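Let's go through a few labels together and see what each one rests on.

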Amino acid sequence: MTNPPVLLSGIAPSGRLTLGNYLGAIRHWVGRQDRDDCFFPLVDLLAVTVRHDPQRFADRCRDFVALYLACGIDAQRSVVFVQSHVPAHCELAWIFECHTPIDELHRMTQFKDKSRRHAKNVNAGLMSYPVLMAADILLYKATRVPVGEDQRQHLELTRDIAQRFNTLYGPVFPLPDAHIAATGARIMSLADPSKKMSKSDSVDANIVTLLDEPARIARKIKRSVTDSESVIRADPTKPGVTNLLNILAAATDVGIASLEDRFRGLGYGALKTEVADAVVALIEPIQERFRDIRSDPASLDRLLADGRARASERAARTMSEVFETLGLIPRLG
Ligand code: TYM
């Protein structure tokens, strides 16, 4: 019997989890749990590339993990853990950093974007973080990485790093593929649909978070920016309407073309009402489960300890192979 493919995907606990994270990523993790060998780290070390609040950080991380579970991740079938609990991520990242030209990191769109937004804190971690992401993936020899569109470039870098390592030292790493869905892979901001919905956006009207009250979610969607044409059609010149169609398509699993048909002759009000209803129907049950899971932090921490043990075991196997391949003295005992 062949082993099932290894799937890995993670989220950085910065800001608040959004509808974009759910539709672009988590939703696609849930259904693979019966088929693949799944790893879902909370990638906490990524969040310290920008200034964070140490007083509240651990609780925010627990919120994120509780949301993974509330969205349908099952910690029995899948390995749910915290990146910083498995130090091998950083060890492998160091080795990969020594094999990644700085130019390649400077070219990353997210690095350019984040260095503009955090101009006073363009630190080395901000630049090298895609290398840590490559380590997250390759440490488990994952081949399937379900992510949103914005991670495509990082996955290409991950493949380049794996390929370079294999060419220099021998075939250690499989080449991972980004699994990017046809709908929902790039949910845009509600009030400014020219930019991505981002969990660290400080303008509340731009984002729907998974913990927003249902009435608030509906209000934000109803106030979202559209255009003056009043025709419901997916079209690059109509980013607001296209975004709403995309959200509805992803939330209800109905194709964009049939939504366009159904809304022919109707106005934006009808579309917004339907999007709001669909999003609330999706998020409300997640919130109920979240409240239940979050009310027992001790169980959550135990679950993470178990995830850490399972992840560490797999990570140790890869690291022995990497160290041996690099000619380091084996660690005995
Ligand atoms: P992050 O934390 O920014 O986002 C988590 C996941 O959500 C997706 N996403 C979106 N999808 C659709 N529309 C949006 N507006 C939207 N915003 C975010 C992202 O594509 C991502 O899949 N570097 C990663 C985290 C990471 C990772 C990994 C992912 C670290 N190590 C290993 C996969 C495998 C990041 O910052 O994602």
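Q: How many cavities of 30 Å³ or more does the count come to?
A: The count comes to one. A cavity here is a set of points on a 1 Å grid over the protein atoms alone where a 1.4 Å probe fits but cannot get out. This is a predicted model, in which local features need pLDDT of at least 70 and side-chain atom pairs 80 or more, while totals for chains, interfaces and linings use all residues. Residues are numbered from 1 along each chain as its sequence is written, and side-chain values use heavy atoms, without hydrogens or water.

Q: How much space lies in the largest cavity?
A: About 30 Å³, where volume is the space filled by probe spheres set on the points.

Q: What makes a residue part of its lining?
A: Having an atom within 4 Å of a point. Met108, Gln110, Phe111, Lys114, Leu126, Tyr129, Pro130 and His154 line the largest cavity.

Q: Which helices each supply at least two residues of that lining?
A: Helix 5 (109–117) and helix 6 (124–138) do; helices are DSSP runs of H or I, at least four residues, numbered from the N terminus.

Q: Why is Cys90 said to be in no disulfide?
A: A disulfide is a pair of cysteine sulfur atoms within 2.5 Å. The structure holds zero of them: for Cys90 the nearest cysteine sulfur, that of Cys98, is 14 Å away, so Cys90 is in no disulfide.

Q: Why is Cys98 called partly exposed?
A: Its relative accessible area is 47%. Buried means under 20% and exposed over 50% (1.4 Å probe, protein chains only), with partly exposed in between, so Cys98 is partly exposed.

How values were computed:
On a 1 Å grid over the protein atoms alone, a cavity is a set of points where a 1.4 Å probe fits but cannot get out, and a pocket is an open set with protein on both sides within 12 Å along at least five of seven lines; lining residues have an atom within 4 Å of a point.
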